[in-house]
Amino acid sequence: MFRDNRRMSRATEISNRHMLRARDAIDRDYAESLEIPMLAEIAHVSQAHFIRVFKSTFGETPHRYLQRRRVERAMFLLRETERSVTEICFEVGFGSLGTFSRTFTAIVGEPPTTYRWRAADLTKVPSCFTKAWTRPSSFGPPLSSFGEAKTDRGQ
Amino acid sequence: MSNKVTHSQVFVLDQDEALDFYVGKLGFEVNQDVDLGFMRWLTVSFPGQPEHQILLEKPGPPAHDEGTAEQVRELVTKGAMGAVAIIEVDDVHATYEDWKAKGVEFTEEPTERPYGVDCGLRDPFGNHLRIGTSKAWNPDQFDPADFTAENV
C-alpha cells in the first residue's frame with residue numbers, strides 16, 4: 001500500500017517537474033506564438049493531456065497563464081515606458097488590439113489607458129519580484145492597480 | 001563575536017543528485033556530509049564563502065510524516081518553494097555559458113536590469129536560483145528609461 005502510494009506520488013513529482021518546464025517556457029517566450037504541441041512536447045505529455053494536466057498542476061489552463069503573463073508585461077510597459085497601447089499590445093504577443101483590450105480589462109479590471117494613468121511607481125524592487133507579484137491573479141479577489149486586494153468594505 | 005547568517009536550507013528530492021548538481025555543475029563545495037543515522041546532514045557552500053552553508057535536506061520521516069513529505073516534494077517540483085539563493089558572480093555571461101554547457105536548465109538568459117545583470121535557473125528538482133552581478137542600488141538615480149522590453 002505504502003509502496004503504491006509512493007509510486008503514485010513519484011509520478012506526480014515527475015509530472016509536476018515536466019509541467020514546470022512548460023510553464024517556464026511560457027514565462028520566457030510569452031511574446032512568441034506559443035503552440036500547444038510545442039508545450040506538450042516540453043512537458044512530455046500528449047497534446048490531449050497537456051491542458052488538463054497543466055490545469056490540475058497550476059490551477060489554471062496554460063492559455064490563461066499565458067494571458068496573465070502577457071498582461072503582466074503589458075502592465076509593466078504601460079507603467080514604465082511611453083510606448084503606445086498598440087505597440088505594447090503586439091510587443092507582448094497579442095495578435096489584435098481588440099483581444100488585448102478585452103483580455104486586459106477582464107483580468108485587470110480596467111482598460112490599459114486607465115491603468116497607465118493610475119499606475120504606481122513599482123520600479124524600486126527587483127523585477128523578478130514585480131513579475132511574480134504584480135501578475136494579475138486567477139485566484140482570490142482582483143487587485144487594484146496599486147496592488148492591494150479590494151475588499152467589500154473598501155468599495 | 002560576529003552576527004551573520006551561517007546556514008540556509010533547501011529541500012531536495014535526492015541528496016546524491018543534489019550533489020551532482022550543486023557541486024558537479026555549479027561548483028559548490030561539500031562542507032559537511034555526516035550520516036547522523038536519523039538524517040544525512042549535508043551542506044555545501046560557494047567557493048570562497050565557507051561561512052555560509054546551504055543544507056540540502058531531504059523531506060521525510062521522522063521530521064515529516066509521509067503525507068507531509070509528499071506535499072513538500074509536490075511543491076518543490078511545481079517550483080513553488082521560492083529561491084534557494086541569489087549568487088553574485090564576476091561575469092554572469094561567462095558563468096551562464098559555463099553552466100549551460102554543463103546542462104544546467106536556465107529559465108532566463110543574462111539580462112541587463114537597472115540593478116545589474118541577472119539570470120534565472122532551476123535545480124533538477126524545480127528549485128529556483130538566480131545569478132547576477134549587482135550595481136550599488138540608488139533609487140534616487142533610478143531612470144525608467146533604463147528599462148526596455150528587451151531587458152526586463
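This is a predicted model: local features need pLDDT of at least 70, side-chain atom pairs count only at pLDDT 80 or more; totals for chains, interfaces and linings use all residues.
Trainee: How many bridges hold the pairing of S2(B) and S3(B)?

Mentor: One of the pairs is Glu29(B), whose bridge partner in S3(B) is Ser45(B). S3(B) spans residues 40-45. For S2(B) with S3(B), the number of bridges is six.

Trainee: Which residue in the turn of the S2(B)-S3(B) hairpin has a positive phi?

Mentor: Four residues lie between the two strands of this hairpin. One in the turn has a positive phi of about 90°. That residue is Gly37(B).

Trainee: What is the order of the strands in the open sheet that holds S1 to S4 of chain B?

Mentor: The sheet has four strands, and the pairing is mixed. S1 (7-11) and S2 (29-35) of chain B each have a single partner strand, so each stands at an edge with one side lacking a neighbour in the sheet. Neighbouring strands are turned by 25° against each other on average, direction ignored. The order in chain B is S1-S4-S3-S2.

Trainee: Which residue in S4(B) is the bridge partner of Val44(B)?

Mentor: S3(B) and S4(B) run antiparallel, joined by three bridges. In S4(B), the partner of Val44(B) is Ile54(B).

Trainee: At about what angle to S3(B) does H1 of chain B run?

Mentor: H1(B) covers residues 15-25. The helix lies across S2, S3 and S4 (53-57) of chain B. Relative to S3(B), H1(B) runs at about 10°.

Trainee: Within what arc do the buried residues of H1(B) fall?

Mentor: Ala18(B), Phe21(B) and Tyr22(B) are buried in H1(B). Viewed down the helix axis, the buried residues sit close enough in direction that they line one face, so the answer is an arc of 80°.

Trainee: Against which strands of chain B do the buried residues of H1(B) pack?

Mentor: Start from the opposite side. The face of H1(B) turned away from its buried side carries the exposed residues Asp16(B) and Asp20(B). In chain B, the buried residues pack against S3 and S4.

Trainee: Which residue with a positive phi follows H1(B)?

Mentor: The phi in question is near 85°. The residue that follows H1(B) is Gly27(B).

Trainee: What is the strand order in the open sheet of chain B that contains S5 to S8?

Mentor: Four strands make up this sheet, with mixed pairing. S5 (83-88) and S6 (105-113) of chain B are the edge strands, each with a single partner, so one side of each has no neighbour in the sheet. The order in chain B reads S5-S8-S7-S6.

Trainee: Which residue in S8(B) is the bridge partner of Arg122(B)?

Mentor: S7 (residues 116-122) and S8 (residues 128-134) of chain B run antiparallel, with seven bridges between them. In S8(B), Arg122(B) has as its partner His128(B).

Trainee: At about what angle to S6(B) does H3 of chain B run?

Mentor: H3(B), residues 92-101, lies across S6, S7 and S8 of chain B. Relative to S6(B), its angle is about 170°.

Trainee: On to chain A. How many helices does its secondary structure come to?

Mentor: Buried residues make up 31% of the 155 residues in chain A. Chain A has zero strands. Its count of helices is eight.

Trainee: How are H4(A) and H6(A) oriented to each other, and why?

Mentor: The axes of H4 (residues 62-80) and H6 (residues 97-108) of chain A come within 10 Å and cross at roughly 90°. Their contact has six nonpolar, two polar and one charged residues. Angles of 65 to 115 degrees share one label, so H4(A) and H6(A) are roughly perpendicular.

Trainee: Is Tyr30(A) buried, partly exposed or exposed, and why?

Mentor: Tyr30(A) lies in the loop between H1 (2-28) and H2 (36-42) of chain A. Burial needs 20 or more C-beta neighbours within 10 Å. Tyr30(A) has 19 inside 10 Å, so this residue counts as partly exposed.

Trainee: How far apart in space are Tyr30(A) and Val92(A), C-alpha to C-alpha?

Mentor: Tyr30(A) is in contact with residues including Leu66(A), Val92(A) and Gly93(A). Tyr30(A) and Val92(A) are 62 residues apart in sequence. In space, C-alpha to C-alpha, their separation is 6.9 Å.

Definitions and conventions: Residues are numbered from 1 along each chain as its sequence is written. Chains are lettered from A and ligands numbered from 1 in the order in which they are written. Two strands pair if DSSP finds at least two bridges between them. Axes are lines fitted to C-alpha atoms, for helices over the stretch in contact, and angles run from 0 to 180 degrees between N-to-C directions. Two residues are in contact if their C-beta atoms, placed from the backbone, lie within 7 Å. A residue is buried if 20 or more other C-beta atoms lie within 10 Å of its own, exposed if 12 or fewer, and partly exposed in between; C-beta atoms are placed from the backbone. The arc is that of the directions from the helix axis to the C-beta atoms. Angles under 35 degrees count as roughly parallel, over 145 as roughly antiparallel, 65 to 115 as roughly perpendicular and the rest as oblique. Ala, Val, Leu, Ile, Met, Phe, Trp, Tyr, Cys and Pro count as nonpolar, Asp, Glu, Lys and Arg as charged, and the others, Gly among them, as polar. Lists of a residue's contacts leave out its neighbours within four places in sequence.
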